[in-house]
Amino acid sequence: MNPDVRPRADLYPGARPRSDLGIVVLTGAGISAESGLATFRDANGLWASLRPQDLATPEAFARDPDTVLAWYDARRSQLAEVEPNEAHHALARLDREWPGEFLLVTQNVDDLHARAGGRRMVQMHGALARARCTACEAVHAWTGGMPRGTPCPGCSQPALRPDIVWFGEMPMAMPRILAAVGQADLFVAIGTSGTVHPAAGLVGRLPPGARSLELNLEASGGRFTDSRQGPATRLVPAFVDEMLCG
């Protein structure tokens with residue numbers, strides 16, 4: 001038996017049928033790092049000398065749009081160089097095959113979950129592969145560069161920005177996320193310390209009797225019912241097998 005697989009009863013609360021059990025999964029940067037997606041704070045990277053406040057705030061965009069847009073262009077171009085890994089594919093399988101309620105909430109702005117086949121998901125911090133017009137508020141799929149002055153495909157105004165949640169802005173789909181967590185039977189955090197709000201507060205919003213599981217390289221503390229340490233590419237497929245196959 002795989003040592004990472006535990007009896008399903010450890011995770012299933014009560015004795016309700018599987019089809020009645022709701023799962024919410026939260027993923028963070030750790031799951032994409034295993035695909036080789038470099039972080040912008042790489043010590044040897046082009047942007048290492050700049051703080052997030054210099055790049056990921058409305059104020060930074062107003063002050064120096066060229067630098068901000070170039071940074072997001074660089075991050076967007078990375079997506080063509082990486083592929084979803086075993087953890088992404090395992091979660092897409094859980095999404096397809098789980099008969100009960102399921103929601104994947106990712107803090108990541110890459111498209112690896114979607115490319116693996118994830119459907120019941122939200123990107124709470126936005127998506128690199130989308131642009132938003134500040135004039136008409138339309139959102140468009142976007143894979144290429146976005147130099148200053150690029151016209152909106154909808155209204156033709158030069159008012160595009162990355163469809164990303166910047167510091168000081170409200171994460172996306174919070175009502176849907178909070179509603180799902182408030183009714184979940186199992187909450188799973190993968191590749192994230194879960195210490196940045198509002199994601200940090202999600203585990204505390206679970207209903208009485210719900211279970212919580214952390215799959216991460218290091219334990220983040222005692223907030224979870226269960227915690228397992230190791231790479232996501234090993235832990236997540238084992239967890240999905242446990243849930244679907246027993």
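Glu-137 lies in the loop between strand E4 (126-133) and strand E5 (139-141); helices (H or I, at least four residues) and strands (E, at least two) are DSSP runs, numbered from the N terminus. Glu-137 is not a glycine, yet has a positive phi of about 70 degrees. The model is predicted, so local features need pLDDT of at least 70 and side-chain atom pairs count only at pLDDT 80 or more, while totals for chains, interfaces and linings use all residues. Residues are numbered from 1 along each chain as its sequence is written, and side-chain values use heavy atoms, with hydrogens and water left out.

Ser-156 is found in the loop between E5 and E6. Its phi is near 70 degrees, a positive value in a residue other than glycine. Ser-156 counts as exposed because its relative accessibility is 52%; buried means under 20% relative accessible area, exposed over 50%, and partly exposed in between (1.4 Å probe, protein chains only).

Next come the aromatic side chains. A pair of aromatic rings is described by the distance of the centres and the angle of the planes. Rings of Phe, Tyr and Trp (its six-membered ring) pair if their centres lie within 6.5 Å; planes under 30 degrees apart count as stacked, over 60 as edge-to-face and the rest as tilted. The structure holds 3 aromatic pairs. In one of them, Phe-61 and Trp-166, the ring centres are 5.3 Å apart and the planes stand at 45 degrees, so the pair is tilted. Phe-61 belongs to helix H2 (residues 58-63) and Trp-166 to the loop between strand E6 (160-164) and helix H6 (174-182), so this pair ties together parts that are 105 residues apart in sequence. Phe-61 and Trp-166 are buried.

Trp-166 also pairs with Tyr-72: the centres are 6.3 Å apart and the planes at 40 degrees, so this pair is tilted. Tyr-72 sits in helix H3 (residues 65-78), 94 residues from Trp-166, and the pair links distant parts of the chain. Tyr-72 is buried, as is Trp-166. Phe-61, Trp-71, Tyr-72 and Trp-166 form one aromatic cluster. Over the face of Trp-166 lies Arg-161, at 3.7 Å from the ring centre; a charge sits over a ring if NZ of Lys or CZ of Arg is within 6 Å of the ring centre and within 35 degrees of the ring normal.

Strand E8 (residues 211-216) is mostly covered, with 5 of its 6 residues buried. Two strands pair if DSSP finds at least two bridges between them. Strand E7 (residues 186-190) runs parallel to E8 and is joined to E8 by 5 bridges, with Ala-189 opposite Glu-214. E8 is also joined to strand E9 (residues 226-229) by 4 bridges, again in parallel. There, Asn-216 has Gln-229 in E9 as its bridge partner.

Ala-114 is in helix H5 (residues 112-116). With a relative accessible area of 38%, Ala-114 is partly exposed. Its C-alpha atom is separated by 8.7 Å from that of His-88, 26 residues apart along the chain. Leaving aside neighbours within four places in sequence, Ala-114 is in contact (heavy atoms within 4.5 Å) with Arg-119 and Met-121.
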